[in-house]
Amino acid sequence: TGGVLEAVSASLASGRGALVLFPTIRGMEAGAARLERLLGQGCVARLSWELSRGLRYENYLACSRGRARVVVGTQSAVFAPLPDPGLIVVVDDGNEGHCFERFPRPHVRSVAMIRAVQDGCALLLASHARSCEAQGLILSLIHISEPKRQTQQSNPGGTRLRLPRQAFEHLRIRLASGPVLVSVARAGHSPGLRCARCRARATCPRCGGPLLRPSRDQLLCRLCGHTPVRFECTRCHATGLRAPIAGSERTAEELGRAFPGVRVINSSAERIRSGVSEEPAIVVATPGGEPMAPGGYAGALILDAELALSRADLRVGEETLRRWCQVACLVRPAVDGGGLLIVGPPEEPAVQALLRADPGGFAARELADRAAAGLPPAVKAVQVGGDPEAVAAFLDNDPFTGAEVLGPTLVREEPDPEAMLLLRCPLEKGRELVRAVKNATAIRSARKEGGRLFLQVDPMTLA
């Protein structure tokens, strides 16, 4: 954060403005408060859809007329009419909060890059981790400043037990000097439930959806919201349940019993806290819900590493490491007695990258693997989806010369059939591919072709 403050100050000293973009409203408010303390009231304008219409319009006029030299905001602020910007900062560019939900789903980082070129200003990607897109920019000879590395502790024996002996010892030692952060992957009490006898998945008696336990004495269907009084397995008719996955609430209960007399705080789901005091306490939080601690946490414990890395997602390793780095940055430096322990398989590349404090090396390997597999961002890609007839008709509107066509593939049959195809080509032919997609879209519009169709250039995920 200090580097962002220095960069913004340098931009203002040169007589130009600055635009700082955050993925969440919490981050925006914290960043705006620090900038206001540094630059003074009236110099910083906030732009976010969470603000009231009147305040948004007032801040919009302040930045468009040059009264506010610094604009701090979330997604839509990337289009703010800031006169003569000298710096655009994208904080935590790998966060999915920077990707617009509505199609064509532009990414804040991509829009910021285009705007930096058009306005002739600097672009700063500030993050504790490194996305593959940022690594691709680095390989394009864009400058990067490397942070100092700090060695963290690992727990190679912690793959089978959720809270092994080393984890309890780590908590006991760190609690002597301040609050300790415990990061878990899931909120609630028991997100995944199975029959205690046959291990079959616990399902809702009304709709067949998966059951979860949001609290100790309550069952809830994730699909229809039904709350059955008791559970009975449809396969063996047993009534017992087991929870292979422990959520934040259950973890807080276990730690409360293990450390009697120590305050346990749960910051997850609808109960996210903005901050905690310096007093010794155990703070259980899910990714993105970590409260701030004055002076930093005395230590941190990361659980569920194997679970976090098991999601079926192209970016699972990159996203998981980004979240872990966010946790690590909240801990005091090692010279001040801070420490971090992760419970997970030591052979995982993401775990090793965290232990060596080497997100850059991990991003370089990820980008090399994507290049070998022909996946974004190593190639230029356009995802086309929608009704099968509409996708097939779109494909006939242009030969897409020089691009590889993968699909279309039927990805869903019921209730509404949906097809998907991927157009990809080398990065140097990206302009030609985007031009061909625009041409095919224009033909579709002129012919008034029906059906549901959506397009996305450089998709963040391939689903």
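The following legends describe close-up views of a predicted model.

**View 1. The open sheet of parallel strands.** Five strands, taken in the order β2-β3-β1-β4-β5, make up an open sheet in which the pairing is parallel. From one strand to the next, the twist averages 15 degrees.

**View 2. The pairing of β1 with β3.** Within the parallel sheet, strand β1, which covers residues 17–21, pairs with strand β3, which covers residues 70–73, and the two are held in the parallel sense over 4 bridges.

View 3. Helix α3, formed by residues 53–64, lies across β2 and β3, and its direction is at about 135 degrees to that of β2. Helix α4, formed by residues 108–119, lies across β1, β4 (85–91) and β5, and runs at about 165 degrees to β4.

View 4. Met 113 is a residue of helix α4, the helix that lies across β1, β4 and β5. Its relative accessibility is 30%, so Met 113 counts as partly exposed, a class that lies between buried, under 20%, and exposed, over 50%. For a sense of scale, the C-alpha atom of Met 113 is separated by 34 Å from that of Val 184, a residue that is 71 residues apart from Met 113 along the chain.

**View 5. The open sheet of antiparallel strands.** Four strands, in the order β17-β18-β16-β19, form another open sheet, and here the pairing is antiparallel. Strands β17 (404–412) and β19 (453–457) stand at the edges, where each pairs on one side only. If direction is ignored, neighbouring strands of this sheet are turned against each other by 15 degrees on average.

**View 6. The pairing of β16 with β18.** In the antiparallel sheet, strand β16 (residues 380–386) is joined to strand β18 (residues 418–425) by 7 bridges, and the two strands run antiparallel. Among the residues that take part, Gln 383 has Leu 422 in β18 as its bridge partner.

Definitions and conventions
Residues are numbered from 1 along each chain as its sequence is written. This is a predicted model: local features need pLDDT of at least 70, side-chain atom pairs count only at pLDDT 80 or more; totals for chains, interfaces and linings use all residues. Side-chain values use heavy atoms; hydrogens and water are left out. Two strands pair if DSSP finds at least two bridges between them. Axes are lines fitted to C-alpha atoms, for helices over the stretch in contact, and angles run from 0 to 180 degrees between N-to-C directions. Contact means heavy atoms within 4.5 Å. Buried means under 20% relative accessible area, exposed over 50%, partly exposed in between (1.4 Å probe, protein chains only).
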